[in-house]
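Subject: Structure for your review

Dear colleague,

Please find below the structure that I am handing over to you. My findings follow directly after it.

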Amino acid sequence: MDQNVGSFVAVRRLSGAGAVHHHRHHSSPGTRARLSSFDRAVRLGAEADRGDDFPSSFFCAPAAEVVGVSTAWIGKGLSCVCAQRRDSDARLSFDLTAIQEECWHRLQNRIEVQYDGSNLEHQKALKALWRASFPGTELLGLVSDQWKEMGWQGKDPSTDFRGGGFISLENLLYFSKNFPKSFQELLRKKNGDRALWEYPFAAAGVNITFMLIQMLDLQAAKPKSLIGAVFLNLLKENDRAFDILYCITFKLMDQKWLDMHASYMDFNSVIKSTRRQLERELLLEDIQRIEDMPSYRFLAR
């Protein structure tokens with residue numbers, strides 16, 4: 001997996017009429033009520049740490065005005081996420097069963113596949129993602145300024161897959177097909193009081209894939225932490241557990257973004273807080289399936 005440094009274009013959100021939003025706009029009472037319900041249900045992750053020393057990134061939003069450029073990462077910038085040692089980081093030593101080993105290696109094979117712009121299957125997947133994201137809107141090309149509307153860094157999404165590989169595209173596509181309502185809400189930033197400087201949807205998705213690969217020890221021969229071992233059992237029950245966990249994480253990350261009143265400088269802090277809550281949920285005693293995670297219930301089809 002390539003961990004080269006990338007860059008994000010910083011942009012400013014615009015209203016439908018073209019006026020710049022100053023500070024944050026207000027949500028409807030109904031939206032606030034839904035968010036309040038979510039907050040209560042995910043109280044395990046209520047605390048948020050904003051005092052990070054990690055470098056921050058500049059992010060963009062659909063229908064926006066470009067105002068500057070900053071150096072950032074996809075993948076490499078998250079290599080320090082949650083570096084502090086926790087009880088769940090305790091190193092394990094155990095042998096995999098034949099079934100566990102098969103499940104683990106099958107997922108590892110997926111994460112080793114790099115996006116190849118000349119591969120027709122990869123092109124087909126990218127086009128399918130566009131259709132799922134903007135149904136009824138014709139895509140002018142695999143290299144087009146239209147991609148910026150989805151939150152890619154530039155007009156060629158293939159350059160953004162360095163940090164997450166082809167599986168990051170598969171994750172986005174799975175999200176769009178299996179939880180289209182939640183996917184569209186996050187893509188279009190429909191819920192809550194949004195920031196003036198928003199995270200870019202697609203680039204954030206690649207970062208989420210990379211973070212999960214780290215958290216679950218997926219590049220190791222076998223899980224080295226309790227979190228990875230727990231996930232392996234969930235993967236054994238459902239070979240799509242990683243894709244579902246990705247969807248859970250994206251939804252949870254957006255809620256953390258809102259709860260923390262975050263802006264583009266806070267993305268790493270939001271990712272850290274999201275990871276901590278995922279780890280707590282995975283370690284709950286009654287988690288037998290990936291769908292048992294408390295945050296799963298907030299995904300909408």
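Phenylalanine 179 and tyrosine 296 are both buried in this predicted model. A search of the whole structure finds 14 aromatic pairs. In one of them, phenylalanine 175 and phenylalanine 183 have ring centres 5.5 Å apart and planes at 90 degrees, so this pair is edge-to-face. Phenylalanine 179 and tyrosine 296 also form an aromatic pair, with 6.1 Å from centre to centre and 85 degrees between the planes, which is edge-to-face. Because phenylalanine 179 lies in the loop between helix 4 (166–178) and helix 5 (180–187), while tyrosine 296 belongs to the segment after helix 9 (267–282), the pair ties together parts that are 117 residues apart in sequence.

Phenylalanine 175 and phenylalanine 183 are both buried. They belong to one aromatic cluster, formed by Phe175, Phe183, Phe201, Tyr246 and Phe250. A charged group also meets a ring: lysine 189 lies over the face of tyrosine 199, at 4.2 Å from the ring centre.

Turning to the nonpolar core, the largest one holds 71 residues, and Met150 and Phe250 touch the most other members. At least two residues of this core come from each of helix 2 (98–111), helix 3 (120–133), helix 4, helix 5, helix 6 (201–215), helix 7 (226–237), helix 8 (241–259) and helix 9. Helix 8 supplies the largest share, twelve residues. Which residues does phenylalanine 250 contact, leaving aside its neighbours within four places in sequence? They are Leu172, Phe175, Leu186, Tyr199, Phe201, Ala204, Gly205 and Ile208.

As to the overall architecture, the protein has nine helices and two strands, and along the sequence they follow the pattern β-α-β-α-α-α-α-α-α-α-α. Of the 301 residues in the protein, 53% are buried. Among contacts with a separation of 6 or more, 78% are between residues 24 or more positions apart. The accessible surface of the protein comes to about 13400 Å², and carbon and sulfur atoms account for 50% of that area.

The charged side chains form 13 salt bridges. One of these joins aspartate 95 and lysine 222, at 4.0 Å from N to O. This pair links distant parts of the chain, 127 residues apart: aspartate 95 is in the loop between strand 2 (64–73) and helix 2, and lysine 222 is in the loop between helix 6 and helix 7. The relative accessibility of aspartate 95 is 69%, so this residue counts as exposed. Lysine 222, in turn, is partly exposed, with a relative accessible area of 28%.

Two further salt bridges may be of interest to you. Lysine 148 and aspartate 145 meet through their side chains at 3.4 Å, N to O, and lysine 148 is partly exposed, with a relative accessible area of 37%. In the salt bridge between arginine 289 and aspartate 292, the closest N and O atoms are 3.3 Å apart. Arginine 289 counts as partly exposed at 43% relative accessibility, and aspartate 292 is partly exposed too, with a relative accessible area of 28%. Finally, a network of salt bridges links Arg110, Glu170, Arg240 and Asp243.

Yours sincerely

Note on methods:
Residues are numbered from 1 along each chain as its sequence is written. This is a predicted model: local features need pLDDT of at least 70, side-chain atom pairs count only at pLDDT 80 or more; totals for chains, interfaces and linings use all residues. Side-chain values use heavy atoms; hydrogens and water are left out. Rings of Phe, Tyr and Trp (its six-membered ring) pair if their centres lie within 6.5 Å; planes under 30 degrees apart count as stacked, over 60 as edge-to-face and the rest as tilted. Buried means under 20% relative accessible area, exposed over 50%, partly exposed in between (1.4 Å probe, protein chains only). Helices (H or I, at least four residues) and strands (E, at least two) are DSSP runs, numbered from the N terminus. A charge sits over a ring if NZ of Lys or CZ of Arg is within 6 Å of the ring centre and within 35 degrees of the ring normal. A nonpolar core is a set of buried Ala, Val, Leu, Ile, Met, Phe, Trp, Tyr and Cys residues joined through side-chain atoms within 4.5 Å. Contact means heavy atoms within 4.5 Å. Accessible areas come from the Shrake-Rupley method with a 1.4 Å probe; for residues, only the protein chains shown count as cover.
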